[in-house]
Amino acid sequence: MSSVFGKARAGSGPQSAPLEVNLAILGRRGAGKSALTVKFLTRRFISEYDPNLEDTYSSEETVDHQPVHLRVMDTADPDTPRNCERYLNWAHAFLVVYSMDSRQSFEDSSSYLELLALHAKETQRSSPALLLGNKLDMAQYRQVTKAEGAALAGKFGCLFFEVSACLDFEHVQHVFHEAVREARRELEKSSLPRPLFICEERALPHQAPLTARHGLASCTFNTLSTVSLKEMPAVAQAKLVTVKSSRAQSKRKAPTLTLLKGFKIF
Ligand SMILES: Nc1nc2c(ncn2[C@@H]2O[C@H](COP(=O)(O)OP(=O)(O)OP(=O)(O)O)[C@@H](O)[C@H]2O)c(=O)[nH]1
């Protein structure tokens, strides 16, 4: 069963098919990818989670009065990016997250942006990225200044936001909707049907120096030069385990609501 969150499609008539947007959330472990994803989907902050889960969730959104069927892949790379094709060839836009209280996670976000830039160059197909400095509520422990975040985003030509999965939902929602707008702009520019999956796997000629520098050794790219395109396989089903309404919950007097596998939502 696929999990679908979000509001009813306001303003969508029977004829208006929703825009389909795939969004991948990238970043070092602990940056807050899952917390931001769940905040966006449920308006809640999670405190327990399974760090090894990688799931794709769906939400019916309305962005600028347009219905959007948004799929969000909350990635879970191990210490270095692995099998990147699963999101590189799937997503229309990327949220690259770092935790502002971790210099290491900021450096990793730079590696992810380089990876995306390299992939865009090789495939001649750019997918917009937004850089997010998460845990703004922990700003007193910050190891990364806002100026550094903005400078990194500027270097890669992407939007930059400081956010918190703990604070207001509207700001997190705004960031996700900005990603939809960026993706929509890019989709409008492109006449290629998407998403596409490219069969043949080839390492890039200049991949070694980049991977050596950034620890991306396990990432290879598929390139358009093979001209062998297939429809992307179906998106992995999200793991919706139990959704109890607040009424059902109060009947059972359950202290917490189990919504997504691995998440306890309070
Ligand atoms: N204070 C604070 N804590 C946060 C915030 N976002 C996430 N956290 C906490 O940081 C830890 C890591 O958050 P996750 O959302 O699991 O991070 P992740 O990037 O998904 O990490 P992996 O699942 O390991 O890839 C958890 O304990 C969260 O509760 C935030 O905005 N503020």
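**Close-up 1. Cysteines in the predicted model.** At 36% relative accessibility, Cys166 counts as partly exposed, where buried means under 20% relative accessible area, exposed over 50% and partly exposed in between, with a 1.4 Å probe and protein chains only. Cys158, at 13% relative accessibility, counts as buried. A search of the whole structure finds zero disulfides, a disulfide being a pair of cysteine sulfur atoms within 2.5 Å. The sulfur of Cys158 lies 17 Å from the closest cysteine sulfur, that of Cys84, which is too far for a bond. Because this is a predicted model, local features need pLDDT of at least 70 and side-chain atom pairs count only at pLDDT 80 or more, while totals for chains, interfaces and linings use all residues. Residues are numbered from 1 along each chain as its sequence is written, and side-chain values use heavy atoms, with hydrogens and water left out.

Close-up 2. Strand S2 (residues 19-27) runs parallel to S6 and is joined to it by five bridges, two strands being paired if DSSP finds at least two bridges between them. Within this pairing, Ala24 has Phe94 of S6 as its bridge partner. S6 is also joined to S7 in parallel, by six bridges, and here the bridge partner of Ser99 is Asn134 in S7.

**Close-up 3. Two right-handed β-α-β units.** S6, H3 and S7 make a right-handed β-α-β unit; a crossover is right-handed if, with the strands pointing away from the viewer, the path from the first strand over the helix to the second runs clockwise. Another right-handed β-α-β unit is made by S7, helix H4 (residues 146-156) and S8. Strand S7 (residues 129-134) and strand S8 (residues 159-162) pair in the parallel sense over four bridges, with Leu132 standing opposite Phe161 in S8.

Close-up 4. Gly30, Lys33, Ala35, Asp137 and Ala165 come nearest among the 19 residues around the ligand, a residue being near a molecule or strand if one of its heavy atoms lies within 4 Å of it. Helix H1 (residues 33-42) contributes the largest share of this shell, three residues. A backbone N or O atom of Gly30 lies 2.8 Å from an oxygen atom of the ligand, and a polar backbone atom of Ala165 is 2.8 Å from a ligand oxygen atom. A polar side-chain atom of Ser164 lies 3.3 Å from an oxygen atom of the ligand. Taken alone the ligand exposes 640 Å², of which the protein buries 88%, with accessible areas from the Shrake-Rupley method with a 1.4 Å probe and, for residues, only the protein chains shown counting as cover.

**Close-up 5. Two loop residues with positive phi.** Most residues other than glycine have a negative phi. His65, in the loop between strand S4 (55-63) and strand S5 (66-74), has a phi near 65°, and at 74% relative accessibility His65 counts as exposed. Gln124, found in the loop between helix H3 (103-123) and S7, has a phi near 55°, and Gln124 likewise counts as exposed, at 74% relative accessibility.

Methods
A polar contact is a pair of N or O atoms within 3.5 Å; within protein, one must be able to donate a hydrogen and the other to accept it, and residues adjacent in sequence count only if both atoms are side-chain atoms.
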